[in-house]
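This briefing goes through one protein structure by topic. Please look at the sequence and the 3D view before reading on.

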Amino acid sequence: MNVKEKTACFIGDRGMKMPQNSEKVSKLQVAVYEEIDKAVNDGYNNFIFGACCGFDLMCAEMVLLRQRLLKQIDKKQIYLTAALSFNDSIRTWSEQQQKQYTKILVQCDQAIHINSKHRFNCYKSKTRYMIENSSRLIC
């Protein structure tokens with residue numbers, strides 16, 4: 001079995017479209033965690049996220065949580081890869097979003113820069129990369 005067959009990726013809304021109500025956010029986190037758990041139980045051990053604020057960062061946090069629990073319980077290893085649209089993509093984000101991003105990025109097993117700088121369709125090329133390198137989509 002190749003790596004793609006054991007890789008899942010996440011695609012969802014950026015921060016402006018994410019639920020603002022904490023109860024709705026909690027429900028979304030639980031739903032994402034359950035999907036990650038299903039994927040792990042189905043043999044998936046690689047997860048790619050798009051490294052944008054909102055849904056992407058929330059999914060990465062859920063993978064990192066599942067990763068910590070698996071190490072304690074099953075000794076299974078799952079891996080998290082950040083697919084970065086371009087260098088310096090967070091420069092317009094709020095300070096809080098930048099801190100969250102940095103905290104997550106240092107815990108990733110791999111970070112891949114799809115483009116060196118912002119260009120037309122850089123987000124589209126990142127999404128294409130994630131889809132072409134995974135066999136399961138969680139959205």
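**Strands, core and pocket**

Strand β2 is covered on both faces: Asn46 and Ile48 on one side, and Phe47 and Phe49 on the other, are all buried. The model is a predicted one.

**Strand pairing**

- Strand β2 pairs with β3 in the parallel sense, over 4 bridges.
- Strand β2 also pairs with β1 in the parallel sense, here over 3 bridges.
- Asn46 has a place in both pairings: it is the bridge partner in β2 of Thr7, and it stands opposite Tyr79 in β3.
- Phe47 stands opposite Leu80 in β3.
- Strand β3 is largely enclosed by the rest of the structure, because 5 of its 6 residues are buried.

**The largest nonpolar core**

- The largest nonpolar core has 31 residues, and those that touch the most other members are Phe10, Val32, Ile36, Phe47, Phe49 and Leu80.
- At least two residues of this core come from each of β1 (7-10), α1 (22-41), β2 (46-49), α2 (55-73), β3 (79-84) and α3 (95-105).
- Helix α2 gives the most to this core, with 9 residues.

- Arg66 is found in helix α2.
- Is Arg66 buried or exposed? Arg66 has a relative accessible area of 10%, which is under the 20% limit, so it counts as buried.
- Leaving aside neighbours within four places in sequence, the contacts of Arg66 are Tyr33, Ile36, Asp37 and Ile78.
- Asp42 is found in the loop between α1 and β2.
- With a relative accessible area of 53%, Asp42 is over the 50% limit and so counts as exposed.
- Asp42 and Lys6 are 36 residues apart in sequence, and their C-alpha atoms are 8.7 Å apart in space.
- Ala51 has its place in the loop between β2 and α2.
- Ala51 is buried, because its relative accessible area is 3%.
- The phi angle of Ala51 is near 60 degrees, a positive value in a residue other than glycine.

**The second largest pocket**

- How much space lies in the second largest pocket? The space is about 210 Å³.
- This pocket is lined by 14 residues, of which Phe86, Ser89, Thr92, Trp93 and Tyr123 are the closest to its centre.
- The lining of the second largest pocket divides into 8 nonpolar, 4 polar and 2 charged residues.

Notes:
Residues are numbered from 1 along each chain as its sequence is written. This is a predicted model: local features need pLDDT of at least 70, side-chain atom pairs count only at pLDDT 80 or more; totals for chains, interfaces and linings use all residues. Side-chain values use heavy atoms; hydrogens and water are left out. A nonpolar core is a set of buried Ala, Val, Leu, Ile, Met, Phe, Trp, Tyr and Cys residues joined through side-chain atoms within 4.5 Å. Buried means under 20% relative accessible area, exposed over 50%, partly exposed in between (1.4 Å probe, protein chains only). On a 1 Å grid over the protein atoms alone, a cavity is a set of points where a 1.4 Å probe fits but cannot get out, and a pocket is an open set with protein on both sides within 12 Å along at least five of seven lines; lining residues have an atom within 4 Å of a point. Grid points are joined across faces, edges and corners, and a volume is the space filled by probe spheres set on the points. Ala, Val, Leu, Ile, Met, Phe, Trp, Tyr, Cys and Pro count as nonpolar, Asp, Glu, Lys and Arg as charged, and the others, Gly among them, as polar. Two strands pair if DSSP finds at least two bridges between them. Contact means heavy atoms within 4.5 Å.
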